[in-house]
Amino acid sequence: GFGPLDMTVCILGSPTAFLPVLLEGGTRCPGAMVLCLSPTWASRVPSETSPGAWSLLLSRGVSFEAGGHSTLETFVPPRRANYVTGTFATGSPESGWVGELARDLDCPTGGSVPLTRRLEDPLIARWVLAARAGLPVPPTLAFILGPGGDLPADPVAPGVRLVRLEDPQGQESLVQEE
């Protein structure tokens with residue numbers, strides 16, 4: 001019962017990981033799946049429904065139809081995104097603008113730059129699985145320099161042993177002992 005103007009699922013950045021979703025979405029709800037390949041195709045405006053949040057408006061995008069047909073469209077007036085996901089990976093060239101456009105939106109999002117950083121860090125992922133979810137993880141001995149980013153000051157988790165090194169020089173005996 002939804003038409004393309006009623007629902008807009010927006011994919012920001014590279015379509016590589018999302019191509020199956022875009023194609024299937026185009027089949028299920030033609031025109032509702034929109035790929036945004038450039039930060040100039042979207043704008044953030046203050047949300048009318050959620051104070052302090054933003055709405056994402058699309059002025060251009062690649063829409064997907066049944067059979068894999070896609071069209072580069074200009075939206076006048078701009079289309080409001082109802083759901084947003086994209087290329088949040090820290091190594092991707094798009095992660096900066098994708099993360100910025102998707103930050104603090106008034107619609108659901110399929111990720112964020114901080115979440116991606118946490119999921120891509122094996123030590124943080126193991127700590128969360130072991131300490132927070134109580135799931136078994138492979139025995140892990142990790143050496144880190146400095147504060148450890150997203151880890152708490154003294155992370156305790158079954159199967160995970162963390163050794164903080166102030167300076168790798170002169171700490172060979174500590175490393176050998178551990």
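## Close-up views of charged side chains

**View 1. Glutamate 100 is partly exposed, at 40% relative accessible area.** Here buried means under 20%, exposed over 50%, and partly exposed in between (1.4 Å probe, protein chains only). The model is predicted: local features need pLDDT of at least 70, side-chain atom pairs count only at pLDDT 80 or more, and totals for chains, interfaces and linings use all residues. Residues are numbered from 1 along each chain as its sequence is written, and side-chain values use heavy atoms, with hydrogens and water left out.

**View 2. Glu100, Arg103 and Asp104 form a network of salt bridges.** A salt bridge puts a side-chain nitrogen of Lys or Arg within 4 Å of a carboxyl oxygen of Asp or Glu. Arginine 103 meets glutamate 100 at 2.4 Å, N to O. Arginine 103 also bridges to aspartate 104, with the closest N and O atoms 3.2 Å apart. Arginine 103 is partly exposed at 37%. Aspartate 104 is partly exposed too, at 44%. The structure holds 5 salt bridges.

**View 3. Arginine 161 and glutamate 178 pair in a salt bridge.** Their closest N and O atoms lie 2.8 Å apart. This pair links distant parts of the chain, 17 residues apart: arginine 161 sits in strand β8 (residues 160-165), glutamate 178 in the segment after α5 (172-177). Helices (H or I, at least four residues) and strands (E, at least two) are DSSP runs, numbered from the N terminus. Both partners are partly exposed: glutamate 178 at 31%, arginine 161 at 43%.

**View 4. Arginine 79 lies over the face of phenylalanine 75.** The distance to the ring centre is 5.0 Å. A charge counts as over a ring if NZ of Lys or CZ of Arg is within 6 Å of the ring centre and within 35 degrees of the ring normal.
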